[in-house]
Amino acid sequence: TVLVVDFGAQYAQLIARRVRECNVFSEIVPCTMPVAEMLAKRPKAIILSGGPSSVYEPGAPSAPDGLFETGVPTLGICYGHQVMAQALGGVVENSDVAEYGGTTVNVVDGGVLLAGLPTVQSVWMSHRDHTSAAPAGFRITARTDVTPVAAMEHPERGLYGVQFHPEVLHTEHGMQVLRRFLFEAAGCRPGWTMVNIAEEAIETIRAQVGGKRAICGLSGGVDSAVAAALVQRAIGSQLTCVFVDHGLLRKGEAEQVEKDFVAATGVDLHVVDAQERFLNALAGVTDPETKRKIIGREFIRVFEAAAREIVEAHAGEVADVEFLVQGTLYPDVVESGGGTGAANIKSHHNVGGLPEDLKFTLVEPLRTLFKDEVRALGEQLGLPAEIVWRHPFPGPGLAIRIIGEVTRERLDVLREADAIAREELTRAGLDRDIWQFPVVLLADVRSVGVQGDSRTYGHPVVLRPVTSEDAMTADWARLPYDVLQRISTRITNEVREINRVVVDITSKPPGTIEWE
Ligand code: XMP
């Protein structure tokens, strides 16, 4: 494994993902972890991430004691580079000129990391402090007009530092630098491949579940689908999947789970039609948080009832139902392990809120994976592209995309508009460029329009296409005008209640991706 030591913010996840793109397994650990604990994980290499602090400020995170004496090849990036320089006797200071964004570095001595790369390269920088003197024994391998020590190394001690961000795609040769560190400096082997990941996960599941039974809640999303497919591969008919159709899904989604997913995997599927129940529970409710809480609560009740039925049906058998499969991903694990208690912006509901008295043991085969790896694994397992490349969709579904009360009629209107937007996006070949494309019905807003010489008084829908790496931040997607044009024309022509289409051009922050 390669340990990515997290010095704050979201820098570490991107580094960890890039390492895995080099087919080397990586794991994020907090910068407060003692070195002995790090070494217990037998790392082949250590990477220190960037971070938002200044090394010389009181209370700024520093390297754990002894980190630079382990003999494990270590690369410091940005803040990590400065931490290394400062800890070993170099000088880090505030400079008058900050470097943010694209910068040119001059390679003065290729050393191990920059060998064979052009002497002038464009890199991504994001810093105000810089290293003005390298520690004794280090070679300076690159500089910029502003930063005297843009890269340094001490190969005999296995220590390397770069001020720029090799993990960012704007750094022209970033992946080469990372590869040179992993393979030349640290001697890692590229064994982290999808075939290995799948085989290993299947073995682990078999060992964990043995001859017992497991259940899995399917949401229609890629995570639960891949988790279920993997467990199905491992234990076959010992798995039962539960799909709660709460009536808040998009057009064709329930069918996709019931037909395509079952066809691709052969799972034993238990569908619960709970549409009435959810509509009744949501009647008259307009407040977003109340909607979320009601849906979360009802979902748990329905799922629990289904689970109990399945348990009872198999009770007394040797193969009692003992396990619950969940599609928890690595970012969830990292974020909840961070312990910093991020502000509760929205109450996200997952099956994770299941009550304790259900007493299942969790099976979480995707706990170490990032979303892109889950998709690759889904493809490896033969799941259809429509499932593998499906955009993320919130648990509360269309209910939080209807601004106002949720009714059956409004759901039908939104479902039609949403289906058109999705269809046109797919037709334009843009599905994989867009992270998510919510369509939001402003059900309590009306506007005047004219169609076929007569006045209309209908509702607007909002198109909210966004790009993102992880949904933590997002930007509004610059969809081509002709695609927007087709969506707008088709929606206003084909969905009678809608007479206006608007585009949301807010990034996150300050907006969130969903409207509620
Ligand atoms: P926001 O709106 O907070 O959304 O920018 C970030 C990501 O989370 C999804 N989302 C949810 N997912 N249950 C979920 O499983 C929820 O309650 C929920 N609310 C938002 C949203 O679609 C986006 O991908």
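What follows is a short chat about those labels, based on a predicted model.

Student: Where does the "binding site" label come from, and which residues does it cover?

Tutor: That one comes from the UniProt annotation in an unreviewed entry, and it covers Ser219, Gly220, Gly221, Val222, Asp223, Ser224 and Ala225. Within that stretch, Gly220 sits in the loop between strand E10 (213-218) and helix H6 (222-235), while Ser224 lies in helix H6.

Student: Why is Gly220 called buried?

Tutor: Count the C-beta neighbours: Gly220 has 20 inside 10 Å. The cut-off for buried is 20 or more, so Gly220 counts as buried.

Student: How do you know what Gly220 touches?

Tutor: A contact needs C-beta atoms within 7 Å. Skipping residues up to four places away in sequence, Gly220 touches Leu249, Glu253, Gln256, Val257 and Phe393. With neighbours within four places left aside, Ser224 is in contact with Cys216, Gly217, Leu218, Ser219 and Gly327.

Student: What are the domains of the chain?

Tutor: The domain assignment gives domain 1 (2-185), domain 2 (194-388) and domain 3 (402-503). The C-alpha centres of domain 2 and domain 3 are 29 Å apart. Their contact takes 10 residues from domain 2 and 9 residues from domain 3. On the domain 2 side, the residues divide into 5 nonpolar, 3 polar and 2 charged.

Methods. Residues are numbered from 1 along each chain as its sequence is written. This is a predicted model: local features need pLDDT of at least 70, side-chain atom pairs count only at pLDDT 80 or more; totals for chains, interfaces and linings use all residues. UniProt positions are given in the numbering used here, feature names are shortened, and annotations may be inferred rather than shown by experiment. Helices (H or I, at least four residues) and strands (E, at least two) are DSSP runs, numbered from the N terminus. A residue is buried if 20 or more other C-beta atoms lie within 10 Å of its own, exposed if 12 or fewer, and partly exposed in between; C-beta atoms are placed from the backbone. Two residues are in contact if their C-beta atoms, placed from the backbone, lie within 7 Å. Domain bounds come from an automatic or database domain assignment. Ala, Val, Leu, Ile, Met, Phe, Trp, Tyr, Cys and Pro count as nonpolar, Asp, Glu, Lys and Arg as charged, and the others, Gly among them, as polar.
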